[in-house]
Amino acid sequence: MVKRFVDREEVLSRFKDNPIITLHDIPFRCNTVFNGAVIKKGDEYFHLLRVEAQQGYSVFALARSKDGLHFTVEDKPVMTPVRSGPFAKYETRGIEDPRITTIDGVYYVMYTAYSKYGTRIALAETDDFHQYKRIALVSEPGNKDGILFPEKINGEYVRLDRPIGKEVGSMWVSYSKNLVDWGKSELLMTPRPGMWDSFRIGASIPPIKTEYGWFEIYHGVKMTVAGPIYRIGTVLLDLEQPHKVVARCNKPVLSPQEDYERIGDVGNVVFACGAVVEDTGEIKVYYGAADTCICVATANFDNLVKATLNRDRGNS
Amino acid sequence: MPQKKQPDIIHRWKDNPIITIPDLPFPASDICNAGAVKFRGIYLLLITIENLSGQKSLYIAKSKDGLCFEVDKKPFMEPSEDEPYNKYEKISVMDARITPFEGAYFVTYVAESSYGHRIGLARTDDFKSITRIGLISAVDTKGGTLFSEKINNRYARLERPWSGERIWISYSDDLVYWGGSKVLISPRPGHWDADRVGDAAPPVRLKDGRWLVIYYGIKDTSSGPLFRIGALFLDPDDPAKVIARTDVPILSPREDYERIGDIPNLIFSCGALLEQDKFLLYYGAAKSCICLGTTTIDKIEKECAGSKWGF
């Protein structure tokens with residue numbers, strides 16, 4: 001028997017029963033389920049899933065759980081591309097990659113609206129995870145991975161986003177007074193040539209406030225002859241000026257290694273969209289694997305933050 | 001002898017080009033294009049000039065008759081050394097468009113750095129000094145033309161984001177935070193503007209209230225892009241609505257000075273002026289000179305009236 005290689009240096013530990021949600025857990029016919037955002041409300045976990053319909057475009061479904069590991073998916077999608085009104089034109093090819101941020105008790109969902117005009121960042125709000133009120137399309141085309149910070153900074157709403165400049169996808173920070181009109185965009189960080197995140201990077205989860213700065217999980221992509229490899233990394237951002245990096249990991253905290261991460265519609269992808277920090281100090285990171293299923297990995301949150309501060313040494 | 005039928009409704013000034021590289025009071029690699037305005041009775045161009053090492057800056061050229069221009073020795077606007085601009089203007093400030101607005105002049109320009117292109121906005125009252133207002137787009141957005149009036153109480157601009165190479169319209173309350181972006185026009189497969197379109201000169205408000213927009217259309221050929229110029233009419237009350245679009249270009253590269261240069265077959269306008277019914281289009285040709293073309297609104301109108309295609 002071939003012994004499976006296990007990277008003991010990874011800070012995140014996979015849940016033993018991964019994947020936690022697959023196509024077979026979805027009560028309606030679909031192609032795949034991946035990239036879900038998770039919020040813990042009281043003692044219940046709400047998981048907004050990106051489900052790719054067999055037609056090829058994505059919708060959002062809702063799954064619920066009491067332990068954050070075993071989810072039950074509801075019978076029908078909760079949010080689908082609108083077919084009339086100002087959003088319709090920009091969602092014809094689907095809605096993708098939701099991220100949920102709570103600000104002052106309101107749940108905001110930033111997602112990617114996809115149409116022949118390109119990908120744009122869109123914003124909606126909800127209070128029950130069933131009814132979603134669209135607020136605005138908040139970017140020009142060619143932008144995605146928009147994620148709101150959980151509080152205003154210096155009186156302004158702040159988001160991470162990922163426009164493409166000169167064919168390179170970098171992470172930027174933009175500011176707004178009303179969540180609708182955005183500006184003052186600043187470059188946050190770029191891909192690093194020669195490293196695991198050399199091709200493209202983008203924000204993954206809503207930033208988490210720590211004493212060392214805003215903790216952010218991002219995805220880094222390396223391009224190979226056989227296509228991209230998506231890995232998960234971490235970074236700390238300045239609390240007051242979140243477009244400034246405090247510390248950035250040198251090594252990924254999770255890379256595709258298991259079969260469910262390597263094999264699927266888009267192989268070699270681990271892509272986080274949500275995380276929950278438990279009272280116990282554990283962080284659960286929810287990630288889509290191979291664009292085909294949803295998994296969870298955990299770590300001690302303090303260790304994950306410190307590993308980021310210590311860059312390469314801390315990861316061992 | 002019957003007069004030869006002209007293929008383009010824009011009439012080229014007989015002494016084109018009006019500004020060439022040897023006319024400059026300093027050495028330069030390229031002359032790209034020019035924003036245009038009538039300022040205190042003087043024709044003023046804001047020209048993008050590339051220096052020998054490859055960075056672009058903006059220079060003022062002035063003229064009493066709109067034909068014979070004198071170019072300043074020093075740039076009017078160079079890549080900034082101050083935060084937050086320096087990071088995003090490291091390579092160039094270029095493609096200036098001038099919009100007169102309530103007594104002041106707004107200059108939209110393209111900031112270029114290794115991170116990509118962004119639209120910058122600045123303001124001048126006297127064309128002696130200029131104050132930057134902000135970098136107002138995400139990266140890889142070019143174009144950037146400000147409407148000369150508010151639309152439903154909001155500032156409005158056109159722009160050309162990289163994704164899709166279309167023209168979009170966006171709005172703002174304060175010129176800093178922008179939103180409400182909508183697509184205005186797309187390339188038309190099979191047409192002269194099949195592959196890319198972008199806003200060229202700032203929208204011109206016509207007597208009847210409509211907005212006239214001069215845009216560029218690109219057809220990619222096996223030997224590179226072919227840049228041509230077309231026109232759009234926008235709704236007086238809601239400029240996000242296109243009323244008419246030219247089926248054919250109003251100007252195409254034909255003359256040697258448009259066909260030969262660092263970028264051949266390139267004509268690109270950043271400035272147009274309307275004087276009574278006379279329409280003046282200042283345009284850069286082959287990245288090597290500035291030219292003048294004239295026509296009338298009537299002629300552009302007739303060209304649009306024949307348009308059979310959708311927008």
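Strands are DSSP runs (E, at least two residues), numbered from the N terminus. Two strands pair if DSSP finds at least two bridges between them.

E125(A) has K133(A) in β9(A) as its bridge partner. The hairpin has 6 residues between the strands. There, F129(A) takes a positive phi near 65°.

## The four-stranded sheet

β2-β3-β4-β5 (chain A) is the order of an open sheet of 4 strands, with antiparallel pairing. Its edge strands, β2 (32–41) and β5 (72–73) of chain A, each pair on one side only.

β2(A) joins strand β3 (residues 44–52) of chain A over 8 antiparallel bridges. I39(A) has F46(A) in β3(A) as its bridge partner.

## The whole chain

Chain A holds 2 helices and 22 strands; helices are DSSP runs of H or I, at least four residues. Its radius of gyration, over C-alpha atoms, is 18 Å, close to the 20 Å that the globule rule gives for 316 residues, so chain A is as compact as a globular protein of that length. The rule is 2.2 Å times the number of residues to the power 0.38.

Of the 316 residues, 52% count as buried (20 or more other C-beta atoms within 10 Å of the residue's own, with C-beta atoms placed from the backbone).

## Conventions

Residues are numbered from 1 along each chain as its sequence is written, and chains are lettered from A and ligands numbered from 1 in the order in which they are written. In this predicted model, local features need pLDDT of at least 70, side-chain atom pairs count only at pLDDT 80 or more, and totals for chains, interfaces and linings use all residues.

Conventions. Buried ≥ 20, exposed ≤ 12 C-beta atoms within 10 Å, placed from the backbone.
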